[in-house]
Amino acid sequence: MVKKFNNLDEFIAAAGSKLGPTEWLEVTQDRVNLFADATEDHQWIHVDPEKAKNGPFGGTIAHGLLTLSLLPHFSHQLYTVDNVSMAINYGYNKVRFINPVKVGSKIRATAELTKVEEVAGGAVQVTMTTTVEIEGVEKPAMVAESIARFMR
């Protein structure tokens with residue numbers, strides 16, 4: 001369920017809150033192939049199911065950067081902040097790809113608002129730690145510490 005914040009003051013007050021989980025999202029071979037085309041990363045462990053059957057993962061896996069690039073999709077399911085003029089991705093402090101995401105598996109995200117603070121120019125900077133888990137797998141696929149800025 002999406003957590004709705006009516007304004008930035010509510011968002012600031014939510015520092016330390018946990019959000020999620022999101023809905024499950026199936027990682028299909030078509031999605032992986034499209035990402036490979038977009039990034040020109042056609043390594044066989046991602047795009048050649050026949051060869052990948054005999055590879056280290058027993059099949060094709062998603063690019064780690066594909067998992068990372070799904071964070072905006074998951075963020076929209078985790079929270080909204082109303083009454084802001086704009087929000088921007090400010091970067092990442094740390095990203096770890098812990099476990100491969102096999103094609104055909106499902107992933108979802110949870111997050112923690114690690115730090116929420118006002119910064120120069122009236123913006124609010126949010127540091128969020130997001131964990132992407134794989135259905136039925138103990139270790140997560142990825143943990144990322146992202147930074148976003150929201151403008152009043």
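A residue is called buried when its relative accessible area is under 20%, exposed when it is over 50%, and partly exposed in between (1.4 Å probe, protein chains only). The structure described here is a predicted model, in which local features need pLDDT of at least 70 and side-chain atom pairs count only at pLDDT 80 or more, while totals for chains, interfaces and linings use all residues. Residues are numbered from 1 along each chain as its sequence is written, and side-chain values use heavy atoms, with hydrogens and water left out.

Aromatic contacts were examined with a distance rule: rings of Phe, Tyr and Trp (its six-membered ring) pair if their centres lie within 6.5 Å, and planes under 30 degrees apart count as stacked, over 60 as edge-to-face and the rest as tilted. This rule gives 4 aromatic pairs. One of them joins Phe11 and Tyr79, whose ring centres are 5.4 Å apart and whose planes meet at 25 degrees, so the pair is stacked. Phe11 belongs to helix 1 (residues 8-13) and Tyr79 to strand 4, so that distant parts of the chain, 68 residues apart, are linked. Helices (H or I, at least four residues) and strands (E, at least two) are DSSP runs, numbered from the N terminus. Both partners are buried: Phe11 has a relative accessible area of 0%, and Tyr79 one of 13%.

A charge sits over a ring if NZ of Lys or CZ of Arg is within 6 Å of the ring centre and within 35 degrees of the ring normal. The charged end of Lys3 is placed over Phe5, 5.4 Å from the centre of the ring. Arg149 lies over the face of Tyr90, with 4.0 Å to the ring centre.

The whole structure contains 7 salt bridges, each defined as a side-chain nitrogen of Lys or Arg within 4 Å of a carboxyl oxygen of Asp or Glu. In one of these, Asp82 pairs with Lys4, and the closest N and O atoms are 3.3 Å apart. Asp82 lies in the loop between strand 4 (79-81) and strand 5 (86-97), and Lys4 in strand 1 (residues 3-5), so the bridge ties together parts that are 78 residues apart in sequence. Asp82 is partly exposed at 27%, and Lys4 is partly exposed at 48%. A further bridge connects Arg152 with Glu118 at 3.4 Å between the closest N and O atoms. Arg152 is found in the segment after strand 8 (142-151) and Glu118 in strand 6 (residues 106-119), 34 residues apart.

The largest pocket holds about 480 Å³ of space. Its lining comprises 19 residues, and Pro72, Ser75, Tyr79, Ala148 and Phe150 lie nearest its centre. Helix 6 (71-78), strand 4, strand 5, strand 7 (123-134) and strand 8 each give two or more residues to this lining.

Methods
On a 1 Å grid over the protein atoms alone, a cavity is a set of points where a 1.4 Å probe fits but cannot get out, and a pocket is an open set with protein on both sides within 12 Å along at least five of seven lines; lining residues have an atom within 4 Å of a point. Grid points are joined across faces, edges and corners, and a volume is the space filled by probe spheres set on the points.
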